[in-house]
Amino acid sequence: MILPIYTYGQSVLRKEAEDITPDYPDLKQLIDNMFETMYKSEGVGLAAPQIGLNIRVVVITLDVLKEDFPEYAGFNKAYINPHILEYDESETQSMEEGCLSLPGIHEPVRRPTRIRVRYQDVDFTTHEEWVDGYLARVMQHEFDHLDGKLFTDRLTPLRKQMVRSKLTALLKGKVRATYKTK
Ligand code: NI
């Protein structure tokens, strides 16, 4: 089932999301719906707050990048209760980001290229690992959503100033996305 995506101004996007337990109701269905919603809207990641749920669940697909990054062929993963444990600040990179909750806004964001994460998979097995490359970028963007942060919070003061009018337009409902929004 395709779910509407909550956009800028919805308070759930600004809340700290909570860990869930294996008895969370209909979790498998929820994750399926999140994948379907992400594919339909052509995103590479979707966090539960973006569909109005204040819980730590994220889906990521990197299969679309397989031409440039063959290692991501077939990459479709759900992350439960993810937390970033450590940022390797020794190397950062600036890369343009967009967000399904901020339609029409694309801006460069500087982030560390390598992070250490802990999460559970769909079987609630815990994983702890260092991640780099494009996946580390997408994880940082998506896991930020679970802490109530949006990529526009991480722009330089000048770029922040430049997107202000676009954010205001979003708040006023003046921006139309190609997918269902709320
Ligand atoms: Ni986003």
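Q: How many aromatic pairs are there here?
A: The count comes to six aromatic pairs. Keep in mind that this is a predicted model.

Q: Take Y79 and Y119. Stacked, tilted or edge-to-face?
A: Edge-to-face. The ring centres of Y79 and Y119 are 4.8 Å apart. Their planes stand at 80°, and over 60 degrees counts as edge-to-face.

Q: What kind of aromatic pair do Y79 and F143 form?
A: Y79 and F143 are edge-to-face. The distance is 6.0 Å centre to centre, with 70° between the planes.

Q: Which parts does that pair tie together?
A: Strand β3, through Y79, and helix α2, through F143. Those parts are 64 residues apart in sequence.

Q: Is F143 buried or exposed?
A: Buried. F143 has a relative accessible area of 2%.

Q: Which residues do ring pairs link into a cluster?
A: F69, Y72, F75 and Y134.

Q: New topic. What sits over the ring of W130?
A: The charged end of R114. It lies 4.0 Å from the centre of the W130 ring.

Q: On to the metal. Which residues coordinate the nickel ion?
A: Three residues do: C99 through SG, H141 through NE2 and H145 through NE2. The distances run from 2.1 to 2.3 Å.

Q: What spacing do the donors follow along the chain?
A: The nickel donors follow C-x41-H-x3-H.

Q: Where are C99 and H141, then?
A: C99 is in the loop between β3 (76–97) and β4 (107–120). H141 is in helix α2, residues 133–146.

Q: Is C99 buried or exposed?
A: C99 counts as buried, at 9% relative accessibility.

Q: And H141, buried or exposed?
A: H141 is buried too, with a relative accessible area of 8%.

Q: Which of them are closest to its centre?
A: V44, E97, G98, C99 and H141. C99 and H141 are also among the nickel ligands.

Q: Which element gives the most to the lining of the largest pocket?
A: Helix α2, with five residues. Both β3 and α2 supply at least two residues each.

Q: What is that lining by class?
A: The largest pocket has 10 nonpolar, eight polar and five charged residues in its lining.

Q: How much space lies in the second largest pocket?
A: About 150 Å³.

Q: Which residues lie nearest the centre of that one?
A: T7, L170, G173, T181 and K182. They belong to a lining of 13 residues.

Q: And by class, what lines the second largest pocket?
A: Six nonpolar, five polar and two charged residues.

Key: Residues numbered from 1 in each chain as written. Predicted model: local features only at pLDDT ≥ 70, side-chain atom pairs only at ≥ 80, totals over all residues. Heavy atoms only, no water. Donors = N, O, S within 2.8 Å, 3.2 Å for Na, K, Ca; no water. Helix = DSSP H or I, 4+ residues; strand = E, 2+ residues; numbered from the N terminus. Buried < 20%, exposed > 50% of the residue type's maximum accessible area, 1.4 Å probe, protein only. 1 Å grid on protein atoms, 1.4 Å probe; cavity = no way out; pocket = protein on both sides within 12 Å on 5 of 7 lines; lining within 4 Å. Nonpolar A, V, L, I, M, F, W, Y, C, P; charged D, E, K, R; others polar. Points joined across faces, edges and corners; volume = space filled by probe spheres on them. Phe/Tyr/Trp six-rings, centres within 6.5 Å; stacked < 30°, edge-to-face > 60°. Lys NZ or Arg CZ within 6 Å of the ring centre and 35° of its normal.
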